[in-house]
Amino acid sequence: MTGIVFHATERREAVVEFYRERLGATVRVEQPDCTILAFGGFLFGFCERDEVDDCGILTFVYPDRDAVDAASERLGDAVVTPPRENETYDIYQCFAEDPEGRTVECQVFLDEDVDIE
């Protein structure tokens, strides 16, 4: 089983390019007004609408700190919080914003017993 999280967008082309170019997401399905992207097992889509859904956080989970650091480098000027350790959740994370202001998080779980795959 799998699922897809959809977001309304006013700038589908720019948003899809952001996730493809900066985070390495791939296009899984192209529909008349929606694009479904994949990042590992995470499926998320953007549908052209008159309003933008910009609530919530799109979190991309990486295998280690180096991968989070590399993602942060690729995100470049979109980064709003550089990589840091978050002791509350025992994670290493950074935050960025996509072209429409959605919060993007890149993280790794530091607790080796956590397995979300």
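1. The structure contains ten aromatic pairs, a pair being two rings of Phe, Tyr or Trp (its six-membered ring) with centres within 6.5 Å. This is a predicted model, in which local features need pLDDT of at least 70 and side-chain atom pairs count only at pLDDT 80 or more, while totals for chains, interfaces and linings use all residues. Residues are numbered from 1 along each chain as its sequence is written, and side-chain values use heavy atoms, with hydrogens and water left out.

2. Ring pairs join Phe18, Tyr19, Phe39, Phe42, Phe44, Phe46, Phe60 and Tyr62 into a cluster.

3. Tyr19 and Phe44 pair edge-to-face, at 5.4 Å centre to centre and 70° between the planes (over 60 degrees counts as edge-to-face, under 30 as stacked, the rest as tilted). Tyr19 lies in helix α1 and Phe44 in strand β4 (residues 42-48), so that distant parts of the chain, 25 residues apart, are linked. Both Tyr19 and Phe44 are buried (under 20% relative accessible area, 1.4 Å probe, protein chains only).

4. The axes of helix α1 (residues 12-23) and helix α2 (residues 65-75) come within 8 Å and cross at roughly 130°. Axes are lines fitted to C-alpha atoms, over the stretch in contact for helices, with angles from 0 to 180 degrees between N-to-C directions; helices are DSSP runs (H or I) of at least four residues and strands (E) of at least two, numbered from the N terminus.

5. Phe18, Arg22 and Leu23 of α1 meet Ala71, Arg74 and Leu75 of α2 in the contact (heavy atoms within 4.5 Å).

How values were computed:
Buried means under 20% relative accessible area, exposed over 50%, partly exposed in between (1.4 Å probe, protein chains only).
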